[in-house]
Amino acid sequence: MHSSTSNSDLEFARVVPALPWRGVALTVALLTFAAVAAWEIRARTAGYAPSLNDTPDLWAEQRAAVQPDSIVLVGTSRLLFDTDLDVLEHAFGKRPVQLALAGSSPFPVLADLAADPSFHGTVIVDIVPAMFLAPAGSPPMEVSQKALRRRHEWNYAQKWSHRLGMLLEKHVAFLKQEDLALGQLLKQLPIPNRANAQIGPALPPYFYTVDRDRRARMFEQAAVVGSPLQQRVATGWLPLFTLPPPPSFIPADKFRAMMGQAIEQRFKDTTRQINALRTRGAKVVFVRLPVTGPLVHKEEAIVPLAAGWGRLVQENGVPAINFADYPDLRGFDCPEWSHLSAPDSVEFTKRLVPHLQQALSSPSTTAHVAPPAAQPASS
Amino acid sequence: MLFNSLTFVVFFAVVLAGYWTLRSWEARKNLLLAASYLFYGTWNPPFALLLFATTALDFWLGARIAAAGTARSRKAWLVASLASNLSMLGFFKYGNFLLENTRWLLGLAGVNYQPPHLDLFLPIGISFYTFHSLSYTLDVYRGTTQPTRSLRDFVLAVSFFPQLVAGPIVRAADFLPQAAQPPKPDAGRFFWGLLLMTLGLFEKTVLADTMLANSAEKVFGHHGPLASLDAWTGVLAFSGQIFFDFAGYSTCAIGAALTLGFHLKDNFRFPYAAVGFSDFWRRWHISLSTFLRDYLYIPLGGNRAGALRAAINLMIVMFIGGLWHGAAWTFVVWGVIHGLCLVLERVLRAVFKDAKWTAHLGVQILLGLGTYAAVCLAWVFFRAPNFGAAMGLIMAMTGRLPVVGDAILPTRDILQVGLVTAGLLTAHWFLRDTSMEAVVARTPRWALTGVWTVMLFSIILTQGNGNAFIYFQF
C-alpha cells in the first residue's frame, strides 16, 4: 500500500479515499448480515444444529478440570462416543473427566497424567491397538499432542476466545469447524488427484455433537443403517484402518525395523507411565470397546489382538475389560462399525459399570480381570 | 491476543467505544496504554514487566543522552542503551544459539563442552518492540528527535497495541508527535481503517491460512524426496503465505491505528512486482529495511567509501537482517543470499546503466519474474527446518534429484496455490506504481461494497482457527 503526506498538522498522514463511507459501511454490514443469515438457513436446512466444536480448547478446559482424585477417561473416539458421563457419575459418585480424543493415540495423554505429580485418581484407558501404538509424528499422535500443547500453553486470550466461541456455537448452526469452515468446504470439491499422488485418506464427515463436558453423541442419521451419512462414515473408516505404504526414501525392511523398534519402545514407555501412576496410588483400567463389521478384520490385520491388546494387558498387569469377552457387552451393533449410537451408548455404559467396579475394587497391581488369553472380537 | 480472534473483536470494540467516548486526551492515552498492556499481557503477564522495564530504561537513557555535555558521554549513554536492549534480545532469542555454536567451535578445537540448554520462553514480539524502543535513543543521539518529557507517551509509543508484537516497526519519532494533539473524529478515516482491517484479516485468515498454509506445511514437513511440481507448489505457497500473513498483520495494524486516529507508515508496497532486490527491499518490510539502512548501513559508511566497502556494508546489513528473523543459520543464509543478490544487482546496474533495452516492458516483466523466482529460492532457506531439507527442496525444484520424488499434494491444493499465486503476482504488477488508496478512490461504489462484503463473509466462513501470525515468532 502506498501512502503520501497530506497538508495536515502532522508530518505524515495517510490519505483517506474520498467516498461516502457511512453509506458504504452500512450497505456492507447489511449485505454481510444477509449472507450470514442465508448461510445459517442453508446449514439448518442441511440438518445442522447449533452445537459446540470439539476443539483443543474444549479439551484443555476438561484437562484443567482434572482433580488429584478424578476419574479420567483417556482414549479414542470410541470412548468419547460409547460412554455416558451421567451413568458413570451415578455409579461412581463423581463425574468423570472426558479426555478421549477423536482420531488420537491416547498414549501422550496417559503420559501427561503420569507426569502430573498431583494426580492419583483413576484412569480408564480405551485401547485401540493401532491407535495406541501409532508412531511419533503420525496423525493420531499429533491430535493428542496438539491438545496437550493447548493445555500447557493456554493463554488468557485463547481462554476468552474459547468462551466467546462457545457462546456463538450454542446459537449458530453453521459454526462447524470440521465440516462447514471454508477450508473444509474447499476440500469437498470433486477434483481428482494425480495417479501417483500419495494422499492420505479423508476423514469421515462430521457425525456427532459434543457438549461442554465433551460427551459425544452420534447424529441420529448416522445411526440409521443404510442412510447416506451412515454409508459415508462407515466406508470412511476402511482406508483409515489400512496401513499406508512405506515411505519411498527408506528401504522397506529398514522402515519395518524402525517401526518395530518404535512399537517396542511404546510398550516399554507405557509400562513406565503406568508404574509411575500406580506408584502414586492411581488406578488404571484398560477397556476395549465395541467394533463391528469389516473393521474387526481391518484392525486385526494392522495389529493382531494378542500382539497389541493382549500384550499391553499382560505386561502391565492392569485390570482389563475386553467387550468381546463378556456376553452382556458384545451384543451391541455399531451402526458405522466403530461407535455406538447415542441410545446404545447409555445402555452400554450401564452394562460396563459393574465390570469397571469389579476391576477397580481389585488391587491394581495384581487384578487382571481379563481372561488369560484375550480372544479376537466375536462380532 | 491475536487480531484474528474473538477476544480481539470484543477487546477492540470496547477500546474503540471507550476511546471515542472519553473527552480528555490524557484519559484517552491512558486508556490506550492500559489496553496495550492488556493486549500484550494476555500472552504472558510477566513479560509485560519486561516490556515496561525495557521502555522505561530507554526513556531515562534518552534523557541522559540529550542532557550529556560531551560527545563522549553521549556516546556512552547510547552504548548503554544498545547494550541493554541487545543483551536482552540476545539472551532470550539467541542464548541457546550462542551456546550451541560455542560448543561446536570448542569441539573443533578439541574441547568437549556441553552447554546447558536454557529453557527460555521467547517474549512475543521482542524483536519488534526492542527496535521500537531503540529507535528513540538512536534518534535522540543523532539529534533528529527531541527527548519526550512524558514517560506515559513514550511507553505508549513503544507498546501501542496495533503495532506492538509484529510491526510495522514504528519509530518513536513518528509516533510521539501524534501523541501531542488529539485527533479529530473523522468518519472517513474510521471506516477506511475498518476496511483496511478487513483486508488484513482476509489476507491472513482466507489467503494465508486457508488457501496456502496447508501446502507449505506439507511440503516443508515432508521427510523424503519431492516431485518437482510439489516442491515448487510448496515454495510458491510459502512465498504467498508469508506475504499475506505479514502484510495482513501490517494492514490490520495500520487500519486499527487509523480508527484511533493514528497514522502508521506503509510496511509493504506490492513487493512481488519488484524488479531487482533493491526494489524488493523498498517494498518488503519497509520499516525494517529503513531501520537497518538508517541505523546500520549508513553509520557503517553506506556507499560513501567506494563500491567494495558498500558491498561489504550490504552483506553485513543483510547478515544481521537474516539473524534478526531467527536464531538459526538458515535465516543467516537467507539474509546472505539477499545480500549477494543486492551486490550482484549493483554490479549489473553499473554494467548496463546505459542499455536502453532494459527499460522495455517485456524485459522489465522478465526481470520481475526473475526477481520473484530468486526471492522464492531464498524463502526455501527461510522456511526449511535445516540445510538438508532446504537442499533437498532446491534439488527437487531444479529437477536434480537422483530418484523419483513423492507427489504428496492433492490436485486441489496445487490449483489453490496456482490461482492465488497468479492473482497475487498479477495484482502486484498492476498496482506496483499506484496505491491502494488511489485504486479504492476510483473503484465504483458497488464494486467496493461487493468486495468488502465478500472479504468479510469469507472471514466469517473460515470460522477463526486462530492461527498465530508467522512474524510473532521473530
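A salt bridge is a side-chain nitrogen of Lys or Arg within 4 Å of a carboxyl oxygen of Asp or Glu. With that criterion in hand, select Arg14(A), Asp266(B), Arg269(B) and Glu437(B), which are linked in a network of salt bridges. The model on display is predicted, and salt bridges over all its chains number 39.

**Stop 1: a salt bridge between distant parts of chain A**

Select Asp54(A) and Arg214(A). These two residues form a salt bridge whose closest N and O atoms are 2.9 Å apart. The pair connects distant parts of the chain, 160 residues apart: Asp54(A) belongs to the loop between helix 1 (21-45) and helix 2 (56-64) of chain A, and Arg214(A) to the loop between strand 4 (208-210) and strand 5 (216-218) of chain A. Both Asp54(A) and Arg214(A) are buried.

**Stop 2: salt bridges within helices of chain A**

Move to helix 13 (residues 306-316) of chain A. Because Glu315(A) and Arg311(A) are four residues apart in this helix, about one helical turn separates them. A salt bridge joins Glu315(A) to Arg311(A), with the closest N and O atoms 2.5 Å apart. Glu315(A) has a relative accessibility of 37% and therefore counts as partly exposed; Arg311(A), at 23%, also counts as partly exposed.

Next, select Arg351(A) and Glu347(A) in helix 15 (residues 342-361) of chain A, where they lie four residues apart, about one turn of the helix. Their salt bridge has its closest N and O atoms 3.0 Å apart. The relative accessibility of Arg351(A) is 31%, so this residue counts as partly exposed. Glu347(A), at 32%, likewise counts as partly exposed.

**Stop 3: strand 3 of chain A**

Select residues 122-126 of chain A, which make up strand 3. How many of its five residues are buried? Five of the five are, and the strand is mostly covered. In a regular strand, side chains alternate between the two faces of the sheet. Displaying the side chains here shows Thr122(A), Ile124(A) and Asp126(A) pointing one way from strand 3 of chain A, while Val123(A) and Val125(A) point the other way.

Strand 1 (residues 71-74) of chain A pairs with strand 3 of chain A in the parallel sense over four bridges, and Ile71(A) has Thr122(A) as its bridge partner in strand 3 of chain A. Strand 6 (residues 283-288) of chain A also pairs with strand 3 of chain A in the parallel sense, over five bridges. Within strand 6 of chain A, Val284(A) stands opposite Val123(A).

**Stop 4: a helix crossing in chain B**

Two packed helices are described by the angle between their axes and the distance between the axes. Select helix 11 (residues 286-297) and helix 12 (residues 307-325) of chain B: their axes come within 11 Å and cross at roughly 130 degrees. Helix 11 of chain B is therefore oblique to helix 12 of chain B, and the crossing is right-handed. To view the contact, show Leu288(B), Leu292(B), Leu296(B) and Tyr297(B) from helix 11 of chain B; residues contributed by helix 12 of chain B include Ala310(B), Leu314(B), Val317(B) and Trp324(B).

**Stop 5: Asn4(B)**

Finally, select Asn4(B), located in the segment before helix 1 (6-21) of chain B. Is Asn4(B) buried or exposed? Its relative accessibility is 8%, so Asn4(B) counts as buried, the cut-off for that class being under 20%.

Technical notes:
Residues numbered from 1 in each chain as written. Chains lettered and ligands numbered in written order. Predicted model: local features only at pLDDT ≥ 70, side-chain atom pairs only at ≥ 80, totals over all residues. Heavy atoms only, no water. Buried < 20%, exposed > 50% of the residue type's maximum accessible area, 1.4 Å probe, protein only. Helix = DSSP H or I, 4+ residues; strand = E, 2+ residues; numbered from the N terminus. Pairing = 2+ DSSP bridges. Axes fitted to C-alpha atoms, helices over the stretch in contact; angles between N-to-C directions. Parallel < 35°, antiparallel > 145°, perpendicular 65-115°, else oblique. Left-handed = near helix turned anticlockwise from the far one by under 90°. Contact = heavy atoms within 4.5 Å.
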